[in-house]
Amino acid sequence: MAPRTYRICTLPGDGIGPEIIAEAKKVLAAVGARHDVEFVCTDQLIGGAAIDATTEAGGPVSALPDTTLEAARASDAVLLAAVGGPKWTNTNAGAIRPEQGLLAIRKELGLYLNLRPVRMFRALVGASSLKPELLEGVDLLIVRELTGGLYFGAHEREWGVEGAGGNGARGEFARDTMEYSEYEVERVVRWACQAASRRRGRVCSVDKANVLETSRMWREVAHAVGAEFPEVTIEDMYVDNASMQLVANPAQFDVLVTENTFGDILSDEASMLTGSLGMLASASLGDGVALYEPSHGSAPDIAGRGIANPIAQVLSVELMLRYSLGMDEAADELSAAVTRVLDEGWRTVDIADELTAADRVLGTSAMGDKIV
Ligand code: NAI
Ligand code: MG
């Protein structure tokens, strides 16, 4: 029988992007061989790389060419590295910037949910600013609503402007509105419950229902949706308490679901539990093709030196296997492989410390090989 085929749109982007995406492809090829699946990866342009190529071709200059968007839409999943760098930062006002490519692709693919898993690798506990005993068993998943709430209030929806303001009796004022529809809440909470039913069965819905009307609705909807999942327990937590609990007792959480602004803040807070940017992956999901990427940027300071940590990129492959391709077993194997490599003491420079033996420090490509 011919192997199953998946089309992956790969977006190397800028800086260390091409170096780490190469390792992701290596890992994918190994997963494919084990599971009799063929991954057809096709590189497309995004970010600074797209700006340069479209400029050279005589324009129109774009950080997200149509060909890239079409390829993304026609694929089973999109795997992005990172975009940006000083080369494209100091240009004139009005110039196209690499980051516009990122925002555009998220918008065009209708990605309304952002996922950030935060998990402790035992071997790296020393890198965190928290005490090791607090990190025991930390394995949480933050599900953030991505296209509603304060960042997309009524003003933006109706008039296409950010926020609103004017002149009042006591001078200028500004206004942002938080608005949610039941539908927007329902779809993210349902996704969180589904994820929890495949994990430890617990959802913590974070809101500010003691103050905000949108939060009161959020809470009601969350419980109505939660009732569809008898195997999942759903509890509520105020966001101020949640931000404290994340550093006081992070191991209590399984899946955390919350609105856009709260999720933005809480996911950055939670990402620091692991203490290392080179280890964190994220996924953005919608109703169609999803996008997977490391949480870090293009690290221009170390680009081209072969020392970048490819693990966040590899863990974004894990998320892709799990959430777009239904390959949970392969995802578990990949996560186990990364854990084992770290347990054996292998490190890239960014996660090495004084206890790391000199011959255990690997370059980007050698780290990819170890994981394979
Ligand atoms: P950054 O995440 O690229 O780098 C911050 C620091 O972490 C640097 O010292 C870098 O060397 C290090 N680092 C990051 N990833 C690493 C890895 N995999 N292995 C080893 N070390 C790593 O953030 P920065 O410096 O603020 O931004 C650089 C460029 O990246 C900017 O143009 C920024 O706009 C862009 N950026 C892009 C993002 C994306 O594509 N999603 C997200 C964040 C920033
Ligand atoms: Mg943020």
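A: Let's take strand β5, residues 139-145: 6 of its 7 residues are buried, so the strand is largely enclosed by the rest of the structure. Keep in mind that this is a predicted model.

Now for the neighbours. One partner is strand β4 (residues 113-119), which runs antiparallel to β5 and is joined to it by 7 bridges. Another partner is strand β10, residues 255-258, and here the strands run parallel, with 4 bridges between β5 and β10. Ile142 turns up again in this pairing, standing opposite Leu256 of β10. As background for reading side chains here, those of a regular strand alternate between the two faces of the sheet.

And the helix contact? Have a look at α1 (residues 17-35) and α13 (residues 364-371), whose axes are 9 Å apart and meet at an angle of about 15 degrees. An angle under 35 degrees counts as roughly parallel, so that is how α1 lies relative to α13. Their crossing is right-handed. On the α1 side, the contact is made by Glu19, Ile20, Glu23, Lys26 and Val27, while α13 brings in Thr364, Ser365, Met367, Gly368 and Ile371.

Technical notes: Residues are numbered from 1 along each chain as its sequence is written. Chains are lettered from A and ligands numbered from 1 in the order in which they are written. This is a predicted model: local features need pLDDT of at least 70, side-chain atom pairs count only at pLDDT 80 or more; totals for chains, interfaces and linings use all residues. A residue is buried if 20 or more other C-beta atoms lie within 10 Å of its own, exposed if 12 or fewer, and partly exposed in between; C-beta atoms are placed from the backbone. Helices (H or I, at least four residues) and strands (E, at least two) are DSSP runs, numbered from the N terminus. Two strands pair if DSSP finds at least two bridges between them. Axes are lines fitted to C-alpha atoms, for helices over the stretch in contact, and angles run from 0 to 180 degrees between N-to-C directions. Angles under 35 degrees count as roughly parallel, over 145 as roughly antiparallel, 65 to 115 as roughly perpendicular and the rest as oblique. A crossing is left-handed if the near helix is turned anticlockwise from the far one by less than a right angle, and right-handed if clockwise. Two residues are in contact if their C-beta atoms, placed from the backbone, lie within 7 Å.
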